[in-house]
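Here is a quick tour for someone meeting this model for the first time. Have a look at it, then read on.

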Amino acid sequence: MSEPETVELLIGPQHPGSGHMRLVAEVDGDIIIKFEPNIGYVHRAVEKIAETKTYLQVIPLVERPALADASNHNLGYILALEKLLDVEIPPRAQYLRMLLCEINRIHSHLYGLGIFGNMIGSSTMFEWAFQDREPLLELSQQLTGARLTYTYIVPGGVRRNLPADFKNNILKVFSYLEKRFVDYNKLFVNNPVTIARLEGVGVISKTDAARIGIVGPNLRGSGVPYDVRKVEPYCAYNEIDFDLITEEAGDCYARLLVRREEMKQSIRIVRQILDKMPDGPYFADKYMKMVNPKMKELVDQSGVLRFPALFTALKPAKGTAISRVEASRGELFYYIVSDGSAQPYRLRMITPSFKNVAGYKAALIGQRLADVPAVYGSLDYFPPEADR
Amino acid sequence: MMDATATAVQIILAIWHFIISPEFFIPIVFPGLITVLVVLLGLIWFERKLTAKVQLRYGPYYIAKHVGGVIQLMADLMRYLFQEFIIPKDADKRVFVLAPIMLFTLTLLPVIAIPISSTFTAIHSDLTLLLVPTLATLAPLLVIIIGWSSNNKYSFIGSLREGYMIMSYEIPMFISVLAMAVAYNSLSLIQAVQKQTGIAWGLVINPLAAIAFFGALLMTSSRFPFDVSEAESEIVVGPYTEYSGIFFIFCLGAPYIKLYIYSLFFSLVFLGGWNPLVTPLTASPIINAILSGIVLLIKAGIVMAVAVYMRTIFGRFRIDQVLKLGWHKLFALSILAVILSLVLVGLGVL
Amino acid sequence: MVSPTCLSATVDSSKVPDVAHKLDSLGFDHVKSVTAVDLPEELKIDIIYHISSFLNAELAKVIFELKTSLDRSDPKIASVIDIWPSAEYPERETLDLMGVTFEGLPKKERLFLMDNFEGGPPLRKDFKLKTEGIDA
């Protein structure tokens with residue numbers, strides 16, 4: 001009769017390195033032999049609640065799961081809805097949508113880098129990344145009126161026009177951020193402790209990554225050149241010039257490098273958006289005509305939209321629609337089933353973090369216990385987004 | 001009447017002589033218990049303020065606004081004194097309660113062997129160079145006992161990691177002390193400082209030993225990047241997970257006290273000790289002693305500040321990387337330091 | 001109205017593994033989503049698989065929609081997890097929230113719901129959400 005040689009560790013919800021979920025690890029000495037993520041601690045039943053709300057009321061519901069990335073989720077839902085509505089979006093609205101989505105991408109990557117630094121022990125990286133989100137929150141407030149969850153993208157266009165001095169502000173923010181990226185390189189990315197901790201850790205090979213279904217920078221860090229903005233360009237991404245970033249190694253360090261480069265590409269995209277922004281309306285004429293004339297005067301004066309009365313009970317055509325967008329953490333997939341009434345019959349939302357859960361097992365079997373936070377930070381897993 | 005005042009004055013003088021005698025002064029006042037508590041306050045405040053400045057925030061701010069929040073640790077201490085001390089049901093109760101107290105006091109033990117000037121020492125022995133590191137090796141064993149008695153898997157893993165770390169830094173540390181003993185041709189701290197007057201600091205005589213010893217210093221006091229046994233994001237707080245209240249302060253204060261002791265030792269052996277540069281102090285013995293003490297404290301303070309600053313720059317290593325570093329790099333460096341010392345002595349430079 | 005890059009096929013529930021093998025051999029290497037739609041009036045539950053490819057650049061533009069219908073009183077279908085490992089978590093979610101049995105799925109623990117959850121599968125139409133303060 002001998003005692004079992006492995007220790008079962010519950011890296012549970014009350015743990016500084018686990019987020020809102022439980023990771024069950026069976027450890028032999030220092031090597032992990034079994035690993036199972038146990039998710040579902042923050043399930044808020046978004047899909048069920050969406051069946052009881054009108055189509056416009058669903059927008060805040062789908063934005064909330066991923067806070068830093070809210071407008072990408074918003075955009076995915078509206079793109080699916082507009083396929084059922086038969087409305088034409090003006091070009092200026094397309095560009096404004098892309099602008100907010102790219103700002104959110106930088107915001108979300110900074111958040112991910114901050115958490116990553118904290119997991120490895122570099123508290124300075126955590127503080128710097130989180131504080132450098134503040135200029136982006138200010139920009140979002142100028143553009144949409146809210147700092148964090150915007151409800152900016154509505155069926156037919158967007159809710160507000162571009163403010164007057166927005167271009168100057170954004171260029172100032174970008175020059176500040178580019179200086180900070182140099183600091184991040186010196187402190188974190190080229191730090192020998194970081195490289196020792198992350199290089200060769202949690203390797204996911206190219207075919208494994210494609211078969212288990214992980215998405216986003218994790219997939220591109222394993223060498224698969226897949227980005228929805230290049231494969232099926234939505235909004236006006238086919239008119240913008242940017243690089244698809246991939247790395248071959250497939251380890252935690254490669255995923256860090258992909259995120260760092262993607263932030264720079266987002267800055268490049270926003271610069272082009274500001275240069276190429278077309279003039280014109282920011283909301284579809286079909287719905288603008290339905291706005292009350294007295295409200296219309298207010299809308300023209302202030303540049304802030306007032307909804308037509310139709311939006312309280314928007315009834316799209318009967319049928320189904322799908323859409324996919326590239327959210328910051330990966331590919332976001334929507335599927336709406338409509339039966340012609342004012343509420344969706346079925347809303348299906350597959351968020352990138354839900355697909356990335358499969359990455360834990362592939363990356364951590366055979367690694368050491370101390371690699372769990374490193375892999376957690378590199379996959380940029382966000383439990384509320386996965387559990388919805 | 002005259003007798004009464006005379007005896008009273010005699011008693012007071014006797015008490016005064018007792019207080020300023022080295023056997024009492026060094027362990028209790030300077031650099032002993034009272035100085036340790038003041039240094040703990042100042043060092044933790046300095047670490048928090050420095051880290052905050054680098055990280056673009058304020059650090060301790062509200063408690064004593066005019067002086068920048070220096071007594072923040074006193075406020076934290078008050079709070080911890082009133083917190084409930086929870087003993088887990090399945091923990092080994094006596095060991096659970098006694099071990100942190102012993103840890104806090106035993107880390108302070110090596111201070112009795114530290115001389116402040118060439119005449120002011122508590123222990124008159126010529127083995128003090130060896131005595132200080134030897135007494136300092138008692139403390140890590142208590143950390144292992146703490147982790148075991150908590151009956152918690154994370155504490156157990158933390159104490160195992162502490163055990164591995166002991167194996168990776170103690171041997172390079174002792175070999176670099178051996179290198180310096182060879183260079184100074186004695187095992188007494190007073191002789192070590194006297195050998196450094198007139199020639200150069202120990203840092204310049206044998207830089208390899210200094211680097212190896214500094215690496216061991218960072219490892220033993222759990223400074224980043226060697227924070228492994230208290231790695232927050234992996235094993236909660238390591239061996240000290242189950243502690244709350246004042247015992248938590250004991251547990252977390254012990255690495256800082258170790259840092260202080262090792263910094264004093266480092267400044268005596270490698271930074272010229274109590275001499276400001278290389279010339280000896282030549283004033284009356286009392287003023288000599290006071291100035292020497294101040295100089296020693298300032299040098300130890302510089303070493304502590306450098307060690308604490310590492311927190312802002314580095315992340316945290318993994319335990320197997322620390323072991324590799326200790327055995328490949330530090331061990332090899334310390335062996336080379338011994339060879340360097342032998343060469344220098346053989347060439348007649350020292 | 002369906003997007004132009006979407007192909008669709010409706011098959012019988014027993015044919016799903018064969019179709020899955022064929023699609024896998026063509027180069028479709030992952031499942032994007034497994035959706036279950038509850039249709040109580042027609043007494044069936046529809047399962048819709050959305051399948052695409054990461055490694056094949058031409059097929060990556062295509063989303064293949066594979067639809068099948070199951071009997072609502074006893075919804076059972078073979079799992080495609082052996083062909084596409086990426087279907088594991090969506091299938092587990094459908095099992096948990098909609099009560100559909102996937103034969104061949106190794107893990108049957110609850111994913112999102114609590115272990116002691118009472119009541120039928122929540123995503124079905126006969127499970128009414130209670131609003132706090134009004135009817136709960």
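In helix H7 of chain A, which runs over residues 166-189, five names to look up are A:Ile170, A:Val173, A:Tyr184, A:Leu187 and A:Phe188: they are buried. Buried here means that 20 or more other C-beta atoms lie within 10 Å of the residue's own; 12 or fewer makes a residue exposed, anything in between is partly exposed, and the C-beta atoms are placed from the backbone. Helices (H or I, at least four residues) and strands (E, at least two) are DSSP runs, numbered from the N terminus. What covers the buried residues of H7(A)? The cover includes H4, H5, helix H6 (134-144), H8 and helix H12 (252-276) of chain A.

A word on ground rules: this is a predicted model, where local features need pLDDT of at least 70, side-chain atom pairs count only at pLDDT 80 or more, and totals for chains, interfaces and linings use all residues. Residues are numbered from 1 along each chain as its sequence is written, while chains are lettered from A and ligands numbered from 1 in the order in which they are written.

Now for how the chains meet. Two residues are in contact if their C-beta atoms, placed from the backbone, lie within 7 Å. Of the 2 pairs of chains in contact, A and C share the most contacts. Chains B and C, on the other hand, do not touch, and their nearest C-alpha atoms are 25 Å apart.

Where chain A meets chain B, 24 residues come from chain A and 22 residues from chain B. On chain A's side, the elements giving two or more residues are strand E1 (7-11) and helices H4 (91-120), H5 (123-131), H8 (192-198) and H17 (371-379). That side of chain A has 12 nonpolar, 9 polar and 3 charged residues. Nonpolar covers Ala, Val, Leu, Ile, Met, Phe, Trp, Tyr, Cys and Pro, charged covers Asp, Glu, Lys and Arg, and the others, Gly among them, are polar.

| Cis peptide bond | Omega |
|---|---|
| B:Phe30 and B:Pro31 | about -5° |
| B:Phe224 and B:Pro225 | about -5° |

B:Pro31 sits in the loop between helix H2 (22-29) and helix H3 (33-54) of chain B. B:Pro225 lies in the loop between helix H11 (207-220) and helix H12 (232-235) of chain B. B:Ser222 is found in the loop between H11 and H12 of chain B, and has a positive phi of about 55° although it is not a glycine. B:Ser222 counts as buried because it has 22 C-beta neighbours inside 10 Å.
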